[in-house]
Amino acid sequence: MKISVCIPVYNFDIKNLIIALRTEIQINQIDAEIILIDDASDENFNEIYKEASAYADQFIFLEKNVGRSRIRNLFLKHTKGDYLLFLDCDVKIDNINFLKNYLQEITQNREAEVIYGNFKIDSSYSKTLRNRYSIEREIFSGDKTSDFSVFKTVNFIIQRETFQKFLFDETLIHYGYEDYVFAKKMELNDVKFSALNNPVIHVDDTSNEVFLVKTETAMNSLFQLSQNAENEKYIKDIKVFSIAKKMKNLGFNKLFVVLYERFIKNMILKNLLSENPKIKYLDIYKLALLLKIMK
């Protein structure tokens, strides 16, 4: 059984991550390859990537940025593994038996086609809005679960044949919901799923200001998805979308936006940009953004 470790790279120092993976492969004598695809990073990362390439089996450089979905699909072309292990480039390995844990789960749970490994937050950035959201909404507790809703693309392994059937939606070029739609397609087609606590450490230093910009991009991505009727079955359970749709159908959307802009927008933004942001305010912010786009 061969594993292809697939890491999309963009403007991040991945040297320590690649060295940690290569070290475990050698120590535990794992049949694995490390494949990196760079999504047209800035030139000032060239020297870092040159050093990292010594520990990888392949390092492919794209001339133009192709986005979060298409770059993941490209790994099928460049890998040989029976299983593809996807990792975000901004993570650190937390366990010297990280790959071994995945192999053990595959052996013990033969039916599982997709296995999600969870993640932790780097303590240096745990109070930012981005990472508070992860802690409250994204990281699952417990040792194992079969709940597909916990899935994130930060750290998962998938059978090659399954991935060939359920590719990422390449119309989603920008930030937001590509992981949700990817997981939902598999869930609705009864793909066997398992999640275990085999986490990586997510090193995300995104400022509150930048995360709010990304949130706006995500709401645009969600609206883009909603314009295709075929996507209804994938996004109908997204809370902010279902609430926005109900409000629009009832004719409350314009009133909500007016009240938000006049009375609470400044308060919401002040909190979200503070050192103690509240996730419930982020929910309101997202709803207002989506309603303004939906008109």
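Strands β8 and β10 (residues 193-196) run antiparallel and are joined by 2 bridges. Within this pair, Lys 144 has Leu 196 of β10 as its bridge partner. The model is predicted, with local features requiring pLDDT of at least 70 and side-chain atom pairs pLDDT 80 or more, while totals for chains, interfaces and linings use all residues. Residues are numbered from 1 along each chain as its sequence is written, and side-chain values use heavy atoms, without hydrogens and water.

The strands belong to an open sheet of 8 strands with mixed pairing, ordered β3-β2-β1-β4-β9-β6-β10-β8. Because β3 and β8 each have a single partner strand, one side of each is left without a neighbour in the sheet. Pairing requires at least two DSSP bridges between two strands; helices (H or I, at least four residues) and strands (E, at least two) are DSSP runs numbered from the N terminus.

| Edge strand | Residues |
|---|---|
| β3 | 58-61 |
| β8 | 144-145 |

Helix α1 (residues 15-27) lies across β1, β2 and β4, at about 165° to β2. Such angles run from 0 to 180 degrees between N-to-C directions, with axes fitted to C-alpha atoms, for helices over the stretch in contact.

Arg 160 is located in helix α7 (residues 160-165). Arg 160 is buried yet forms no salt bridge, Glu 33 being the nearest side chain of opposite charge at 6.0 Å. Buried denotes under 20% relative accessible area, with a 1.4 Å probe and protein chains only; a salt bridge places a side-chain nitrogen of Lys or Arg within 4 Å of a carboxyl oxygen of Asp or Glu. Beyond neighbours within four places in sequence, Arg 160 has contacts including Leu 76, Asp 82 and Tyr 83, contact meaning heavy atoms within 4.5 Å.

How values were computed. Buried < 20%, exposed > 50% of the residue type's maximum accessible area, 1.4 Å probe, protein only. Lys, Arg positive; Asp, Glu negative; His and termini not counted.
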